[in-house]
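Please look through the sequence and the model, then read on.

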Amino acid sequence: MALSTRETAEGGPAQPAPRRSPDGPRRTRGEQPEAPGLNVFSHGFLALWALMIVFPLVWIVLGAFKTDREIGASAWSVPSNWALDAFQRGWEKGVGDYLLNTVIVMAFSIPLTMLLGAMAAYVLARYEFPGNRFVYYFFVAGAMFPVFLALVPLYFMVDRLGMLNTYQGLILVYIAYSLPFTVFFLHSFFRTLPTAVHEAAVIDGASHTRIFFQIMLPMAKPGLLSVGIFNILGQWNQYILPLTLMQQQTGTDPDRSVLAQGLVSIMQQQGYAGDLPALYAGMTIAMLPVLVVYLSFQRQVQSGLTAATLK
Amino acid sequence: MRQGKYPFILGFLVAPVGLYLVFVIWPYLQTIGYSFTDWSGQTQTFDFVGLDNYTRLFGDEVFHNALRNNLQFLVFVPVLTILLALFFAFMLNVGGRGGGGVQPVRGAGLYRIVFFFPQVLSIAILAILFQAVYRSDGAGLLNGILIAVGLGDPASPVEWLNSPDLVRWCLIMVLVWSGVGFYMVLFSAAMQSIPRDVFEAALLDGASRTQTFFRVTLPLLWDTVQTAWVFLAILAMDAFLLVSTLTPGQYGGGPDHNSEVLATYLMRNFNVFGQAGYACAIGVVMLVLTLLISVITLRATRRDRIEF
């Protein structure tokens with residue numbers, strides 16, 4: 001809390017609150033005044049927190065335009081030269097390759113996670129069979145455990161399969177570790193879907209597989225969306241699994257680091273003496289696609305993430 | 001309908017369950033097995049040593065330290081995040097009053113977008129960002145702010161991450177900073193599913209905002225708060241990347257083990273000290289703790305579900 005009280009002094013509650021509300025459907029009465037005291041109070045805290053989020057991010061992106069000396073001189077230095085060469089250095093230090101590796105892995109791991117997770121969740125949610133509860137709890141239990149616990153044996157397991165530092169190895173591991181949560185989310189979602197449609201399809205003679213792909217999956221779209229987003233964020237942010245599994249095996253083995261892992265290794269290689277602007281530029285490059293996707297889909301991101309949790 | 005049911009079930013379960021067994025469950029079980037051995041991690045030979053690793057943990061000062069720090073994280077990260085998130089969610093949704101009803105404050109949508117954003121950032125980005133924010137000279141953002149407002153001394157700036165007292169709070173603040181938005185959106189969605197009449201009835205009955213919050217909102221949100229607590233506790237248990245990248249020392253944990261958490265101590269034992277068996281024992285302790293927290297949270301805070 002110490003941090004926020006200090007920043008109160010700095011940021012000040014007087015920041016003008018953003019006026020246009022993108023989703024203000026309730027404000028049909030026009031611009032009626034709110035109780036002034038309460039208004040200042042709530043807006044003050046809200047604006048302060050918004051500032052605490054935006055300001056450091058803008059500040060560090062600015063750092064990509066500064067020189068090393070400007071960064072080290074003062075927190076308030078202003079870039080003297082708005083050149084993009086730090087971005088080029090960051091890209092060449094590997095950010096471009098890391099980005100590509102991440103995209104390749106996730107292009108496979110996300111759809112497969114969704115497909116396998118939905119299949120398991122559907123069967124567990126809608127079919128009675130011996131061992132159903134056992135398999136369900138077996139999956140759910142996995143969501144509770146820290147990944148660390150499995151790290152050491154997992155390394156040797158992937159090694160034995162000959163998949164260290166390969167895309168397919170990381171893809172399979174990502175799927176396996178995303179399954180518990182995916183199954184848990186989708187299980188509750190499939191349970192809430194009405195049974196009538198399902199029964200009608202059965203009467204019409206549709207096969208189980210067909211019912212799943214043509215009826216239940218489309219009906220579960222909101223649930224799939226929310227878990228999909230959750231998994232995209234989770235796998236995008238994943239650090240410890242690639243750190244363990246995507247190490248170069250020999251000198252000629254290509255560097256297949258994913259983005260988070262690569263950025264941290266750039267960071268650790270340099271310390272204060274290194275090329276901080278390039279690091280900040282690399283970080284900005286890594287942040288931009290996320291920002292664009294987030295701003296374009298923020299409504300789906302937020303409603304998706306929360307919808308299934310509340311079921 | 002009956003025929004083909006079991007082949008179908010089996011067909012749908014075999015791939016997910018198989019993957020899950022090979023890459024998740026089996027390694028977990030192996031960890032438990034290794035925790036009873038003196039395996040170094042470098043060779044494939046080891047001896048069974050019974051409970052030696054666990055008895056050693058009892059006398060290990062660094063382990064005690066890590067456990068204490070983890071407990072501090074486990075208490076403060078969920079408490080601060082949930083309190084702030086609830087407060088902001090409440091402000092956003094029913095903070096605006098007047099005009100004869102309860103309504104979201106102006107700009108609620110924009111606040112939501114901004115607050116949520118840290119959640120979509122990779123933890124690596126957070127590490128880079130906060131290393132700059134907590135920089136120990138005057139060029140760090142936090143020191144820069146302190147100096148600018150006259151609270152900091154440019155000659156002796158605060159060494160945030162090198163200070164034995166501050167380092168844990170610095171890390172807790174990073175976790176809270178990045179988590180509040182997500183839980184705010186979560187609580188906010190839960191609040192929107194509460195019928196507006198409930199709030200307006202409270203308003204008509206003359207309830208203040210504080211009363212509305214504690215007597216109406218919070219009880220109706222209890223399930224969501226509970227879920228949030230469990231997720232946050234798991235997050236706080238595993239602060240590995242932040243600690244290992246932000247704090248001094250190999251795999252972090254410095255200064256002098258003041259920010260050591262179980263995860264960093266585990267990794268150091270495995271990768272640096274060559275004590276994989278001992279590392280596995282630490283892993284088992286983490287597992288037991290996580291399970292305990294989940295069970296306690298879900299049991300102790302259970303209340304009757306309120307339907308509306």
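Q: Which helix of chain A holds Y137(A)?
A: This is a predicted model, and the assignment is read from its coordinates. Y137(A) lies within residues 132–144 of chain A. That stretch is helix α5.

Q: Is Y137(A) buried or exposed?
A: Count the other C-beta atoms within 10 Å of its own: there are 10. A residue with 12 or fewer is exposed. Y137(A) therefore counts as exposed.

Q: How far apart are the C-alpha atoms of Y137(A) and G117(A)?
A: Along the chain, Y137(A) and G117(A) are 20 residues apart.

Q: Where in chain A is N165(A)?
A: N165(A) is not a glycine, yet its phi is positive, near 55 degrees. Its place is between two helices of chain A, α6 and α7 (167–192). N165(A) is in the loop that lies between them.

Q: Is N165(A) buried, exposed or partly exposed?
A: N165(A) has 19 other C-beta atoms within 10 Å. Buried needs 20 or more, and exposed needs 12 or fewer. N165(A) falls in between, so the class is partly exposed.

Q: Which helix gives the largest share of the side of chain A that touches chain B?
A: In the contact between the chains, 89 residues of chain A meet 91 residues of chain B. On the chain A side, the largest share is 13 residues. These come from residues 36–63 of chain A, helix α2.

Q: How many residues on the side of chain A that touches chain B are nonpolar?
A: That side includes eight charged residues. Another 17 are polar. The nonpolar ones number 64.

Q: What percentage of residues 98–122 of chain A is helix?
A: An unreviewed UniProt entry annotates several stretches of chain A as "transmembrane region", among them 46–65 and 98–122. Residues 46–65 are 90% helix, with end C-alpha atoms 30 Å apart. For residues 98–122 the ends are 35 Å apart, and the helix content is 100%.

Q: How many helices does chain B have?
A: From the N terminus, the elements of chain B run α-α-α-β-β-α-α-α-α-α-α-α-α-α. The β entries are its two strands. The helices of chain B number 12.

Q: What share of the 308 residues of chain B counts as buried?
A: The C-alpha trace of chain B spans about 80 × 75 × 30 Å along its principal axes. Of its contacts with a separation of 6 or more, 66% join residues 24 or more positions apart. The buried share of chain B is 53%.

Q: What percentage of residues 113–134 of chain B is helix?
A: An unreviewed UniProt entry places "transmembrane region" on stretches of chain B including 71–92 and 113–134. Residues 71–92 are 100% helix, with end C-alpha atoms 32 Å apart. Over residues 113–134 the end C-alpha atoms are 25 Å apart, and the helix content is 68%.

Q: How are α3(B) and α7(B) oriented to each other?
A: Helix α3 (residues 61–94) and helix α7 (residues 167–192) of chain B have axes 6 Å apart, at an angle of about 40 degrees. Their crossing is right-handed. Their contact has 19 nonpolar, seven polar and one charged residue. The angle makes α3(B) to α7(B) oblique.

Q: How is α7(B) oriented to α9(B)?
A: The axes of α7(B) and helix α9 (residues 209–237) of chain B lie 10 Å apart, at about 150 degrees. Angles over 145 degrees count as roughly antiparallel. So α7(B) to α9(B) is roughly antiparallel.

Q: How many charged residues are in the contact of α7(B) with α9(B)?
A: The residues in contact include L175(B) and G179(B) of α7(B), and T217(B) and L221(B) of α9(B). By class, 11 are nonpolar and three are polar.

Q: Is G277(B) buried or exposed?
A: G277(B) sits in helix α12 of chain B. Beyond its neighbours within four places in sequence, its contacts include Y34(B), W39(B) and N53(B). With 24 C-beta neighbours inside 10 Å, G277(B) counts as buried.

Technical notes
Residues numbered from 1 in each chain as written. Chains lettered and ligands numbered in written order. Predicted model: local features only at pLDDT ≥ 70, side-chain atom pairs only at ≥ 80, totals over all residues. Contact = placed C-beta atoms within 7 Å. Helix = DSSP H or I, 4+ residues; strand = E, 2+ residues; numbered from the N terminus. Nonpolar A, V, L, I, M, F, W, Y, C, P; charged D, E, K, R; others polar. Axes fitted to C-alpha atoms, helices over the stretch in contact; angles between N-to-C directions. Parallel < 35°, antiparallel > 145°, perpendicular 65-115°, else oblique. Left-handed = near helix turned anticlockwise from the far one by under 90°. UniProt positions renumbered as here; feature names shortened; annotations may be inferred.
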